[in-house]
Amino acid sequence: MVDVAILSGSASDAAIVEKAAAVLDAHGLTYDARVISAHREPDRLDEYIRASDCKVYIAIAGLSAALPGVIASKTERPVIGVPVSGKVMGGLDAILSIVQMPKGVPVACVGVDNGENAALLAVRILHLH
């Protein structure tokens, strides 16, 4: 069982994944990091969520940033969204996609490109147990 699953929508998000992973390493937490696009690989994402034994998800996504919301719609585990700065409005589009979830689909949102805070929030969530 891993503590945290770090999912990113694109390989170009690797630097943000690495920042989150470094924080989790520093706190002695285990994690699994994968690139799975909610748009291009929905079946693979479904399989991963079904098979995952993680306690918290960190979902890193830009542009329409569907990944955090899709994960949250398929699990009861906490989901932390990390909006990625991009070519459109400096990441504002990703922020809005993550924070405007419908009722019943909660997603926490940290700052743009802030993988460190996502990992620190995961640490705090896990310390509740």
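**Core, sheet and cysteines**

Modeller: The largest nonpolar core has 22 residues, and those with the most contacts inside it are Val4, Ile6, Ile58, Ile60 and Ile80. By nonpolar core I mean a set of buried Ala, Val, Leu, Ile, Met, Phe, Trp, Tyr and Cys residues joined through side-chain atoms within 4.5 Å. It's a predicted model, so local features need pLDDT of at least 70 and side-chain atom pairs count only at pLDDT 80 or more, while totals for chains, interfaces and linings use all residues. Residues are numbered from 1 along each chain as its sequence is written, and side-chain values use heavy atoms, with hydrogens and water left out.

Colleague: Which elements give two or more residues to this core?

Modeller: Helices here (H or I, at least four residues) and strands (E, at least two) are DSSP runs, numbered from the N terminus. On that basis the contributing elements are β1, α1 (14-26), β3, β4 and α5 (115-127).

Colleague: What is the order of the strands in the sheet?

Modeller: Two strands pair if DSSP finds at least two bridges between them; β1 (residues 4-8) and β2, for example, run parallel and are joined by 5 bridges. The sheet is open, has 5 strands with parallel pairing, and its order is β2-β1-β3-β4-β5.

Colleague: Is Val84 buried or exposed?

Modeller: Val84 is in the loop between β4 (79-83) and α4 (92-99). Contact means heavy atoms within 4.5 Å, and Val84 touches residues including Asp13, Ile60 and Val112. Buried means under 20% relative accessible area, exposed over 50%, partly exposed in between (1.4 Å probe, protein chains only). With a relative accessible area of 11%, Val84 is therefore buried.

Colleague: How many disulfides does a search of the whole structure find?

Modeller: A disulfide is counted as a pair of cysteine sulfur atoms within 2.5 Å. The sulfur of Cys54 has its closest cysteine sulfur in Cys109, 19 Å away, so that's too far for a bond. The search of the whole structure gives 0.

Colleague: And the accessible area: which class does Cys109 fall into, buried, exposed or partly exposed?

Modeller: Cys54 is buried, with a relative accessible area of 2%. For Cys109 the relative accessible area is 30%, so Cys109 is partly exposed.

Definitions and conventions
Lists of a residue's contacts leave out its neighbours within four places in sequence.
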